[in-house]
Amino acid sequence: MALRNKPRGALTVAAPIIFLAVLLAGWWLSTTLTGIEAWRLPNPMSVISKGSVILALPSTWHKVQVTGVEAVAGCLLGSVVALPSAYVIYRSRILAAAVEPFLGATQALPAIAIAPILVLWVGYGFISIVVLCALMVFFPILVSTVVGLRHIDRELLEAAALDGATGWTMALYMELPLAAPAILGGLRNGFALSVTGAVVGEMVMGGSGLGQVLTQMRNNVDTAGMFVIIIILCTMATLLYTIVYRIERSKRYEITQ
């Protein structure tokens, strides 16, 4: 079982490269064979050319930093609230029965609908964007953590209880470590969602990051530039996702030993 849970390096590297090559080939063929206008769908070469210009600007990297800080700060804020809340729900049957029916509805709320309300409550700028990101990641992390805690092997907890583990000792040394893969899975999705929240927040609530650039390019009908910014955002989300994913895989592998 331990060998089957080890990440396979060759497959991990090759599969994304092959998938990306197929996507680029399909993109190039769709622009070449259909004759679609460049303002609707630019070809890959024009996006690469535009990207080299945008990435050469120092201001671009400053905006990447702004959006990244907003996303990470929002995810951390959401996590700080979601993780203790999840543990309380896991421990309290009454609270779980009261709260869980509403969790699905809260996850269905679109960020674009929440943003105007946050403007009225918090105002424009950095703080409101961070709060929006925190709201977006709160419920996925909460649900993932509760599910992970509930799927812990009861026999392990009973054995720990017989050895004298109770309260915080049980939580810190048994429950949370055993639920770590599920918790990290929620954090992985949370960091990716937080990038989306930061961009939506900048487009609706003001800001000086990539969301602002995306809005300007949309107004200028600069489709190639919009593709470049979207690719940058996807790269940011993928990096955050991959970092947490690697930590999650290592935790899963340790547990199977």
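Colleague: How many aromatic pairs does the count come to?

Modeller: Three aromatic pairs. Keep in mind that this is a predicted model.

Colleague: Is Tyr 87 buried or exposed?

Modeller: Buried means under 20% relative accessible area. Tyr 87 has 16% relative accessibility, so it counts as buried. Tyr 90 is buried too, at 13%.

Colleague: Which kind of aromatic pair do Phe 138 and Phe 139 form?

Modeller: Edge-to-face. The centres are 4.8 Å apart, with 90° between the planes. Both Phe 138 and Phe 139 are buried.

Colleague: Now the helices. At what angle do the axes of H6 and H9 cross?

Modeller: Angles over 145 degrees count as roughly antiparallel. The axes of H6 (residues 126–150) and H9 (residues 180–205) cross at roughly 160° and come within 7 Å. That angle is why H6 is roughly antiparallel to H9. The crossing is right-handed. The contact residues divide into 14 nonpolar, eleven polar and one charged.

Colleague: Which residues of helix H10 are buried?

Modeller: In H10 (residues 210–219), they are Leu 210, Gly 211, Val 213, Leu 214, Thr 215 and Met 217. Just after H10, Val 221 takes a positive phi of about 55°.

How values were computed. Residues are numbered from 1 along each chain as its sequence is written. This is a predicted model: local features need pLDDT of at least 70, side-chain atom pairs count only at pLDDT 80 or more; totals for chains, interfaces and linings use all residues. Side-chain values use heavy atoms; hydrogens and water are left out. Axes are lines fitted to C-alpha atoms, for helices over the stretch in contact, and angles run from 0 to 180 degrees between N-to-C directions. Helices (H or I, at least four residues) and strands (E, at least two) are DSSP runs, numbered from the N terminus. Angles under 35 degrees count as roughly parallel, over 145 as roughly antiparallel, 65 to 115 as roughly perpendicular and the rest as oblique. A crossing is left-handed if the near helix is turned anticlockwise from the far one by less than a right angle, and right-handed if clockwise. Ala, Val, Leu, Ile, Met, Phe, Trp, Tyr, Cys and Pro count as nonpolar, Asp, Glu, Lys and Arg as charged, and the others, Gly among them, as polar. Buried means under 20% relative accessible area, exposed over 50%, partly exposed in between (1.4 Å probe, protein chains only). Rings of Phe, Tyr and Trp (its six-membered ring) pair if their centres lie within 6.5 Å; planes under 30 degrees apart count as stacked, over 60 as edge-to-face and the rest as tilted.
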